[in-house]
Number of protein chains: 4
Amino acid sequence: MSETAAPHGYIHNKDDYLRRLRRLEGQARGLQRMVEEEKYCIDILTQVSAMTKALQSFALGLLDEHLDHCVLDAAKAGGSEAEIKLKEASDAIARLVKS
Amino acid sequence: MSETAAPHGYIHNKDDYLRRLRRLEGQARGLQRMVEEEKYCIDILTQVSAMTKALQSFALGLLDEHLDHCVLDAAKAGGSEAEIKLKEASDAIARLVKS
Amino acid sequence: MSETAAPHGYIHNKDDYLRRLRRLEGQARGLQRMVEEEKYCIDILTQVSAMTKALQSFALGLLDEHLDHCVLDAAKAGGSEAEIKLKEASDAIARLVKS
Amino acid sequence: MSETAAPHGYIHNKDDYLRRLRRLEGQARGLQRMVEEEKYCIDILTQVSAMTKALQSFALGLLDEHLDHCVLDAAKAGGSEAEIKLKEASDAIARLVKS
């Protein structure tokens, strides 16, 4: 963070991110309904794959904004802050790739 | 599917599956709170990775039960039903591996 | 394995599998050339993604044949062999999904 | 890129990257041997998972160096070059996460 609290990158699209998350919450509830109604396993798995993709896409969007704002700003400011931000971003990317 | 026919594999653990899905729903709500409170992107991404892993583990559990019950039963019965079930399972596995 | 050594499912397509693996070997050699010639990181990463997809597709093909032959045969034969084969397949699927 | 321009990040570890790629080439050859000798499908799949992980780890290492050098340098220099580099990196990350 820098000059008088530059906001996080995603803030500009906060509503869009909240909308995606509410949809994910709805997907989790839809899956509960499918299990309660004892729907066919394969149909449940299809919904799980869709939900995983939505989650992945949410994460990639957030990461983009983070690189474009927080990391870029830190890089411009230079110093150890830039390195710390890049290390954090790398670790987050590795977790996404491996999950 | 009905009580007279062979139930889906996951039915035996229905409560466990519902519990996992309620936790996933809670994770989606927790993420909304984080975005509303403008938490740090990297912390949000960490929660997304945890949620992706939970979703993956839910899917693998469900797939296991499906193979152990629906697919095994169809295989024993033989005929084209076995092939159809295996094809369905293969497609679901491919979607999971690719998502 | 069972009655007088039923062959593995993939044997029927052995040449196709060998061809895919030779291509993967070629991709690994192509990547070495790119690194030697100090090609641009992003271009190398694009090739790595292509190679990962090829490896994934090889694995899914092999798994399909395994389910269609070894697992189906074991399921028909019944008994503990069927359970062992399914457990093995489940573990292999989990490794693929998580890798 | 040339000796006079800033070298790619991975150049500092070129030998290490070449070693990893030779090991990947060896794994692809090992898999061919397993298919030729008609080894058990599950054992082949285990090797494929190991190779996928090695490939993923190679990609994450390369991406790290790319962010730490090429992207950081472009960010410091500023201008549209920084944005282009970040967009490229984002796209490469998305391909890795989805593959």
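Predicted model: local features only at pLDDT ≥ 70, side-chain atom pairs only at ≥ 80, totals over all residues.

Student: Why is the pair B:Arg29 and A:Glu25 called a salt bridge?

Tutor: The closest N and O atoms of B:Arg29 and A:Glu25 are 3.2 Å apart. The cut-off is within 4 Å, so the pair qualifies. The pair also crosses between chains, going from helix α1 of chain B to helix α1 of chain A.

Student: Is A:Glu25 buried or exposed, and how do you know?

Tutor: A:Glu25 has 9% relative accessibility. Buried means under 20%, so A:Glu25 counts as buried.

Student: What makes chains A and B related as by a two-fold rotation axis?

Tutor: Chain B is superposed on chain A by a rotation of 180° with 0.0 Å of shift along the axis, at an RMSD of 0.0 Å. The two copies are thus related as by a two-fold axis. In chain B, the C-alpha nearest that axis belongs to B:Glu25, 2.6 Å from it.

Student: How do you know that the copies meet through the same surface?

Tutor: Of the interface residues of chain B, 100% are also interface residues in chain A, so the surface is the same. The contact takes 46 residues from chain B and 46 residues from chain A. Together the two chains bury about 4400 Å², 70% of it on carbon and sulfur atoms.

Student: How many salt bridges cross between chain B and chain A?

Tutor: The rule finds 4 across that interface. On the side of chain B that touches chain A, the elements giving two or more residues are α1 (14–36), α2 (41–77) and α3 (80–98) of chain B. The largest share, 18 residues, comes from α2(B).

Student: Why does A:Glu38 with B:Lys14 get the salt-bridge label?

Tutor: Their side chains meet at 2.9 Å, N to O. That is within 4 Å, so the label holds.

Student: What about a pair inside one chain, A:Arg20 and A:Asp16?

Tutor: Those side chains meet at 3.4 Å, N to O, and within 4 Å is what a salt bridge needs, so the pair counts. A:Arg20 and A:Asp16 both lie in helix α1 of chain A, 4 residues apart, about one turn of the helix. A:Arg20 has a relative accessible area of 24%, so with buried meaning under 20% and exposed over 50%, it is partly exposed.

Student: Why is C:Lys85 called buried?

Tutor: C:Lys85 has 7% relative accessibility, and the limit is under 20%, so C:Lys85 counts as buried. The side chains of C:Lys85 and D:Tyr40 are joined by a polar contact of 3.0 Å.

Student: And what makes C:Ser90 buried?

Tutor: At 6% relative accessibility, C:Ser90 is under 20%, so it counts as buried. C:Ser90 sits in helix α3 of chain C. Leaving aside neighbours within four places in sequence, C:Ser90 is in contact with B:Asp64 and B:Leu67.

Methods:
Residues numbered from 1 in each chain as written. Chains lettered and ligands numbered in written order. Heavy atoms only, no water. Least-squares fit on C-alpha atoms with pLDDT ≥ 70 in both. Contact = heavy atoms within 4.5 Å. Buried area = accessible area lost by both parts, 1.4 Å probe. Buried < 20%, exposed > 50% of the residue type's maximum accessible area, 1.4 Å probe, protein only. Polar contact = N/O pair within 3.5 Å; in protein donor to acceptor, adjacent residues only side chain to side chain.
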